[in-house]
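Here's a quick briefing to read with the model open.

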Amino acid sequence: MTTPGPLVLVVEDERPLRRFLRTALSAHGYRVEEAENAAEARIVVTTQSPDVMLLDLGLPDADGIELTRELRAFTTLPIVVLSARGKETDKVDALDAGADDYLTKPFGVNELLARLRVALRHARPPAAQADSTFEVGPLYVHFQRREVRVAGREVHLTPIEFKLLALLATHAGKVLTHRQILKEVWGPQYATQNHYVRVHLAELRKKIEEDPARPRLVTTEPGVGYRLKDRLDD
Amino acid sequence: MTDESRPDPDALLRRVQAEEQREKRARLKLFFGFAPGVGKTYKMLENARELRASGVDLVVGCVETHGRYDTAGLLLGLEVMARKGVEYRGRTLREFDLEAALARRPAVMLVDELAHTNAPGLRHEKRWQDVLDLLDAGIEVHTTLNVQHVESLNDVIEQITSIRVRETVPDALLDRADHIELVDLPPEELLVRLKEGKVYLPDQATRAAESFFKRGNLLALRELALRVTAQRVDVDMRAWREAEGVRHAWAAAETILVCVGPGPGSAKLVRAARRMAAGLRAPWIAAFVESDARPLSEQDRQRLDEHLRLAESLGGKVVRLSGSGVARELLDYAATENVTRIIVGKPTHLRLRDLVRGSLLDELVRGSGDIDVHVISGERDEAPPEAAARSGHDQHRARDFGFAALLVTAATAVGSFGRAWFDQPDVAMLYLLVIMLVAARWGRWPSVLAAALSVAAYDFFFVLPLYDFAISDVRHLLTFAMMFGSGLVISALTFRIRLQERSARGRETRTNALLALSRELAVAPDAARAAGALATHASAVLGCPATVFVPHGDGPARAAAVAGMPTSGPQEQGVVDWSLEHRRVAGLGTDTLPGAPVLAIPLLSGPTTFGVLAVEPPASLTRDERDLLDAFARQGALALARAHLAEEARAAAVHVRAERLRSSLLSSVSHDLRTPLAAITGAASTLRDDRDRLTRPQQEELEETIVEEAEWLERLVSNLLDMTRLEQGGVEPRREWIPIEEVVGSALDRTRRLIDGRPVTTNVPHDLPLVFADPVLLQQLVANLVENAAKHTPPATPIEIEASADDTAFVVTVNDRGPGIVDPERIFEKFYRAGRNATPGAGLGLTICRAIAQLHGGTLTASNRPGGGSSFRLVLPRTGQPPEVTP
């Protein structure tokens, strides 16, 4: 390990979870800074400039969503929020407030590493993307030529479907909420028309997925949004 | 009954407290007279001198001697405070110096002329306010007051003297006075003193003095002053009576009872009662006794209501009594209310009727005992009573009489032309038929006319000598008499039948209204619906706004259901709250707050008040309407009571279920939580302590155990939480329009580790309409079904998911080829586990599935498939129209 690994700020009030995160992350070459509450987190963010932040939404001294909004005012630091199952609205709120992704507790170490990896990748300034392409599994997207191929076969998408796919592809590996998608593809005035996204995504899946009822490329995060895989699991 | 002789403990307590307070607070002594010049100031000063002589610290605050030497002489030897000079319109007014008086703080202070208005710029506008300050400071005050300055008598004084007295003193000061000393002087003497110039009159009064100091006026004023003092004595007397437990009536004050009926003379009785009451300054009551034996006709009721309304508008209290003996009821009521005078109308009917029915007047007078009975004549100038009564009874039009005459003419014509075939008696029968027809069709008086005409025509045209009213045969007289008599009897009978019919029709309307209400109440599932039905029906029947109020903690009643557009001001709320609190009818047309535009009827059932039905009729309700409303209120109260009971029972059932759930939860959880915890603890501690002795595969197995058991624990806890939330009804589905395909997809994604290596087929047509459901819950439902299939079937057996839709519902089925289901219903029960050797689980997954299905108004059922395996079928109703999606 010649270069020091990325610095992860873990904001979590439960000691056992902090211990697990510290151990697991250190073992994978990350440097770890810990904060027990929002106040400590603010100090670390401003003094140590961490590369990514794991933020528990249930902090004792502040609302995680508020903290996210507050930090977003001055930093693009990637934030991955940790939340319990059944709190889908909290997750959506956090994502809409500027968080980059979320993890549902309890989570495995592989899931954690995957999220951090994606968050760190998206934090880097995008290389001249205008000319770039995206590839995952059988899917190939050429942004500038508006070209989409599945298993080498060219697929014809409507303009909306292409915008949708392009948006997901630029954020590959990251979850996008319905609202974020609606704002980007349709415009802010459509921000509550969730079924637009659902219907057009179903059309898109029909064209790019092998079995649209068992999607492998674009997965649904129920109650939160969609995620285009940046690598296939199997 | 023995209790009644014992004093009410509350009253006793009040009296004791009042006495204690009176002893503590400063005394107020009032020298009270009926006119200026009777010698109040003189009397006060005399009294003061006696006190001073006995060593009391007494100061004269202000006394107007009006330059009279005899009065001024009494001031000698008394301490007199300097007056305060106040400039007002170029004059210096010498006013009572309150500040100095308070600073001096004597035991007793004399302040003359309580009703005096202070000069502008002083602390108070009125002198009586100064006096109150003195009393508050603990200084005993002696003061003077004339009867015309008493606030409540202001109107009366004006009536008597035609002089409006502007300087008034609130009655509360009279009540506050510990001692009122009446200074009296015969009017004749006063007039002499006036002539001698011994009475001082203020400038502005001089002009009016002439009309004021008339002997008649003075007599009236004197009587008033005496009465005020007497009333005051009466109050003291009552306090004494309460204290001593004296119960029987002691009529120091008057109470008047006037008997009101539907007769036109009653209005005059009401007015007479009011005048008498005003003269006596006594409360008065207008009473009506509804006789069980003789119900009133519709018109009578209306007139009676008018009379009672008149009584109310004139400030009388209105009571409706009922019973068979009118006199008895009146006298009983009079006894309970300490009535001293009863006013009844002079009988206008024939003496004969008294012989038959008994005389009310007679019974009243005989039974009245101490009570005076005043008999007043009916009002002649109002309207001819008979005519008024008749026109009220049957509204006959001239046309009706015309028809009667026409029919008689027709009968005559038929009789004349058919003379060849008819006998004379036949013609008589024909006339009888006509009389009957007229009676049936047009009522009493046209039929009487028909009878008279018939007799005349019969005589003229058919009885010898013909065309002459003379009668040759005496037998015909009998025929005439019988014809006329039959006609009258028939018409009377018909009239009664019509009355009965009318009241029957009214009853039918009421019964129908009640029936409609009770039908709706019977199906009302809860109190809110019952209240709604009650308000709606009351409003519909009366054609006015109606509101049902329910008790709301300790605060004012809350409207539970509203029909129409009621005004809801503080007055209405006051009526409603009073009715709710006192469990009695209040508002419009009642004894309490009769001036309010709203009538409030409490909804009582047993000891509980479930609410108040408030209606806002445009005018006072008729008796029938009131009866109907009362019936409505009873029905409503019963329905509300039932709804409350049902709600209580439901709450109890929920409680029992919750208790049962908690106990089974405990037993299940204690086992299901401990097993994986034991496995995790064992595996983890083995890894920590004995790692060196374990082979690599052994280590991996232990690690796998820890992960698996922990995941299982997580699922269990999640399920428990979900179950609890669903059970408690705390889950509100966040419905959105979603493709079923997406639900299936995310469910399979979530369970992908469990179904790894199995053939999973999905048959979800791409063109299915959107379903309106909670995406998270629906995904959880499908995922649980898939997980259930995966757990209960051998590895590598297939799982099939199908979705379809028709016009009314969506169907999603999850099928497997496992061992099937033993009991397709019990598997949805909480903590049910299929078979001993089944994969352990808390037995909650399917329960949650069904709860979610029900939350969406759908069903979830299980069945065994032909050819082996089980099938779970979710049916969701199609609700609403999916929104359009523009490209």
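Angles under 35 degrees count as roughly parallel, over 145 as roughly antiparallel, 65 to 115 as roughly perpendicular, and the rest as oblique. Axes here are lines fitted to C-alpha atoms, for helices over the stretch in contact, with angles running from 0 to 180 degrees between N-to-C directions. Helices (H or I, at least four residues) and strands (E, at least two) are DSSP runs numbered from the N terminus.

This is a predicted model, so local features need pLDDT of at least 70 and side-chain atom pairs count only at pLDDT 80 or more, while totals for chains, interfaces and linings use all residues. Residues are numbered from 1 along each chain as its sequence is written, chains are lettered from A and ligands numbered from 1 in the order in which they are written, and side-chain values use heavy atoms, leaving out hydrogens and water.

**Helix packing**

- The axes of H3 (residues 64-72) and H4 (residues 88-97), both of chain A, come within 8 Å and cross at roughly 10°, so H3(A) and H4(A) are roughly parallel to each other.
- On the H3(A) side, the contact (heavy atoms within 4.5 Å) uses A:Ile65, A:Thr68, A:Arg69 and A:Arg72, and H4(A) answers with A:Asp90, A:Asp93, A:Ala94 and A:Ala97.
- By class, the residues of this contact split into 3 nonpolar, 1 polar and 4 charged; Ala, Val, Leu, Ile, Met, Phe, Trp, Tyr, Cys and Pro count as nonpolar, Asp, Glu, Lys and Arg as charged, and the others, Gly among them, as polar.

**Interface of chains A and B**

- Chain A puts 28 residues into the contact and chain B puts in 33.
- About 2,400 Å² is buried between the two chains, with 55% of that from carbon and sulfur atoms; buried area is the accessible area (1.4 Å probe) that two parts lose on being put together, summed over both.
- A:Arg85, A:Arg198 and A:Arg214 lose the most area on the chain A side, together 26% of what that side buries.
- The rule finds 2 salt bridges across the interface, where a salt bridge is a side-chain nitrogen of Lys or Arg within 4 Å of a carboxyl oxygen of Asp or Glu.
- B:Glu736 and A:Arg198 form a salt bridge through their side chains, at 2.6 Å, N to O.
- Elements giving two or more residues to the chain A side are H4, helix H8 (194-208) and strand S11 (218-221), and H8(A) gives the most, with 10 residues.

**Salt bridges overall**

- The whole structure has 45 salt bridges over all chains.
- A:Glu34 and A:Arg22 pair up at 2.7 Å, N to O, linking strand S2 (residues 31-35) to helix H1 (residues 15-27) of chain A, 12 residues apart.

- Most residues other than glycine have a negative phi, and most peptide bonds are trans.
- A cis peptide bond joins A:Lys105 and A:Pro106, with omega about -5°.
- A:Ser49 has a positive phi of about 40°, and sits in the loop between helix H2 (38-48) and strand S3 (52-56) of chain A.
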